[in-house]
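Let's take a friendly walk around a ligand site and see what lines it.

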Amino acid sequence: METKHPTRFNHLKKWESTLAACIRCGYCFEHCPLFKYTGWESDAPRAKIITAFGLLSGELEPSEAAADKLFNCFYCKRCEAACSSGVTLTDIFTDARKDLVEMGYAGPGTTAVTDLTCAQCLLCVTACPHEARFHGENGIETDLVKCQSCGTCVSICPANAVNILHTFGTGKEDLTRASARFLDTHASAKAIVFACNWSYYPDLQASRLPESETHDKDYDIYVNMCAGRLEPETLMAPFLNHAWGVLVACCPEDDCQHKNGGKRSKQQVKRIQSILENLDIDPERIQVVEIPDGDKTLFQAEIDTFIDHLNALGPIK
Amino acid sequence: MKTIDESKLREIFGEENIKTDPSDLYAFGSDASVHHAMPWAVVRPDNTRQVQQLMVYANDALIPVIPRGGGSGMCGQTVPIRGGIVLDMKHMNRILEINLPDVYCRVEPGVVDDDLNLALKPHGMFYPPTPASSRIATIGGEIANNASGVRSVKYGATRDAVLGMKVVLPNGDLVTLGAHTRVEASGYQLHKLMVGSEGTLGIVVEATLNFVPIPEYRCMGIANFDHLAHAGAAVGSIMASGAIPSMLELVDSVAIKAVNKTMNLGLKEVAASLIFEADGMVKEAVDYEINKMKEICKKHQGSDITTSYDPRERARIFMGRKKLFPALSKYDDNLSSTSLADDMAVPYSRMADMAGKIHEVAKKNNIIMTAYGHCGSGCMHTKILMDTKQPEQWASARKAITEIYEFVRSVNGTTSAEHGIGLSKAASFKVEKADSLRLLQTIKQALDPNNILNPGKLMQAPDDWVTATGLRYAVNN
Ligand SMILES: Cc1cc2nc3c(=O)[nH]c(=O)nc-3n(C[C@H](O)[C@H](O)[C@H](O)COP(=O)(O)OP(=O)(O)OC[C@H]3O[C@@H](n4cnc5c(N)ncnc54)[C@H](O)[C@@H]3O)c2cc1C
Ligand code: SF4
Ligand code: SF4
Ligand code: SF4
């Protein structure tokens, strides 16, 4: 394929040989929270690489939709860890974003947007772990190139003025809805596990198991994009739907992709524990555990111990 | 380009299961091959009824339909060379039944191979054809490509594991082929015809698959050889000895060098290494098999022979093979690892000659090629490392591939062991099957008279793969 017209993608250009080095194997698919949620291959990491190649080669005209492919990403780097060919996908996305922003594309994709209720308190500006919030012409804005969609600003904003519009199943409402559905449809259900995508995330979810294999499940796992971002409403919701307990998995404190996620999640859980205590409910019905990146064995062991603990306690009266 | 009645697609699939934006279509225009072509629309069925409805519409409107699983095919099988509608089967991904007493499972075609194995594991079972791409390959794609993998030397390819299936024909009819039993004597075994048909005869909407118990013991070994010919002879002797390897892999000197260069694994740089494995329920039986293989390697001047049951040690032994893809991709910043001449099969006795031929052809044509593969099944793989920007390199690749497949055919080998034909291997396939091409076309015509299901592939593909479609690489003018 010939390069059709001179590139306007000056930042992306340096990745030309890497884009060719991607063998398009698709090993990155099933690890991507976007693909897991929409099930569309065109949302998967490989498609983002193909889009970047198309834009750079001139085969694909820049458009809102094409730009969105590159603005939609949580920077979890699961794709990079799974890549058969050592492609550093998110670095490529970042450079593509720089070019797209210069061309006037404004996302937002998965980046944070500020609405009119912003009180300009600057809390988010200090809290953003990636220096992506700043005071600009239109008040508090997000740097589309730097934002890694961690959601810290969303959960910290006292005016509820920050949002991530495209949550791909990992937002507050998504988690609440999904956990309620599980608790509602499984008589055997006891616990909800909120797993941080960085600590341990269940892979291989692209296929659906037969009813016979799942009907007596006692817990279900929901992946979020940073344990520090789990809000009290999300953590309390399962209790209102008759869960026996809630387990939160976060990263070890010194290993948080978003700086203080682990610490913040512990604070949140502590807060819920004191609410439970006030309600005369065993506070240990909500717990937080640190799981290092990808430690599946520890993750499963912690879940098993937690379920044993709940079995000893029984349901909440 | 024909116009597609989008309202018809919306009526069948619902708005949320259709893609027509160029940015989506562009992504669905490629797979793991060198090819690229734009489809006109992508649809995502959730059930058989929708697949039938689509085929009735497409057959009537004469619009090509290209079934697609994970899109990991290496030869352009899913690249819509004549445009049309991509039928993305990934959403029909239910494991319908795991029937232990009858030792079969029923699955929809979009189930990912690794997911199926994850579901079988708690029952102590596994689905053995498993290609290296099992984390993305779907059962539908594996059936259509007759996929196989490292363990196929003992457990067989997809064709051996498929008991039966439900298939939607190009006119929308639904047929049940094969059976749920281990044996079925008579009739045309049409389910086996679907295996390897590369989505050109029918759309698999359900498959009944055999599974086997996970062995209690696995033991893996490695042997180094100073001459390719010795490694090749060892393969033939092992297979003729009555030993039953559960894996028998070859990696050549180029592969070893690539892994050392990019991964710093410090492997001994010999002409070839053989990795072998035996598995079973009884340790003594596994010992017997592994010792037999060890002896044979020794007899053929294999050196540095080690074996181990320990999972960590086995992982270490396999590391060189496992890291081969990333090693080739990272070999040199200016070279891309392309899926070309990716796969072939030759008789055991010609394995070493085949690897030697690959080296000779690569050198002559100024490209880098490595020989590796599931040699226990007679399967050989290679990749072409080349500067994809340079038109001359494509010309060299074209020449190299022609020479390689001429050799394959001259030693009674076959064009594809497991990756399929699609577009990039069609030229050799057509020569190899010259006297049955009419028959193949007659079968295609009988099932798909309007030629709408994945047209332009296999025997219908253009002879020159370089110009058959756009390439997925940017090539200088
Ligand atoms: C890194 C890498 C390693 C690989 N290793 C191996 C290996 O070890 N062994 C091996 O055999 N292959 C291997 N392959 C090739 C490929 O992954 C397999 O052949 C796999 O089976 C393709 O599955 P898929 O779901 O991706 O199919 P796709 O690529 O999506 O489709 C393949 C063919 O199947 C057809 N198809 C898909 N679904 C259906 C359906 N439901 N009904 C009818 N037709 C359908 C398509 O039209 C197409 O012709 C490898 C590929 C890569 C990229
Ligand atoms: S970084 Fe995470 S969200 Fe982004 S493409 Fe990779 S896997 Fe998907
Ligand atoms: S895993 Fe890596 S090489 Fe494979 S498609 Fe994804 S980015 Fe490309
Ligand atoms: S806090 Fe997180 S979501 Fe908010 S702007 Fe910073 S990086 Fe983006």
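In this predicted model, H5(B) gives the largest share of the shell around ligand 1, 5 residues. Helix H5 (139-145), strand S4 (65-68) and strand S11 (203-210) of chain B each contribute at least two residues to that shell; helices (H or I, at least four residues) and strands (E, at least two) are DSSP runs numbered from the N terminus.

In total, 37 residues surround ligand 1, and the closest are Pro67(B), Ser72(B), Ser133(B), Thr138(B) and Ser148(B). A residue is near a molecule if one of its heavy atoms lies within 4 Å of it. Because these residues come from chains A and B, the site is shared between chains. The shell divides into 15 nonpolar, 18 polar and 4 charged residues, where Ala, Val, Leu, Ile, Met, Phe, Trp, Tyr, Cys and Pro count as nonpolar, Asp, Glu, Lys and Arg as charged, and the others, Gly among them, as polar.

Here are polar contacts to the ligand (pairs of N or O atoms within 3.5 Å):

| Protein atom | Ligand atom | Distance |
|---|---|---|
| Ser72(B), polar side-chain atom | oxygen of ligand 1 | 2.5 Å |
| Gly73(B), backbone N or O atom | oxygen of ligand 1 | 2.8 Å |
| Asn145(B), polar side-chain atom | oxygen of ligand 1 | 2.9 Å |

Taken alone, ligand 1 exposes 970 Å², and the protein buries 99% of that (accessible areas by the Shrake-Rupley method with a 1.4 Å probe).

A note on conventions: residues are numbered from 1 along each chain as its sequence is written, with chains lettered from A and ligands numbered from 1 in the order in which they are written. Local features need pLDDT of at least 70, side-chain atom pairs count only at pLDDT 80 or more, totals for chains, interfaces and linings use all residues, and side-chain values use heavy atoms, leaving out hydrogens and water.

Key:
A polar contact is a pair of N or O atoms within 3.5 Å; within protein, one must be able to donate a hydrogen and the other to accept it, and residues adjacent in sequence count only if both atoms are side-chain atoms.
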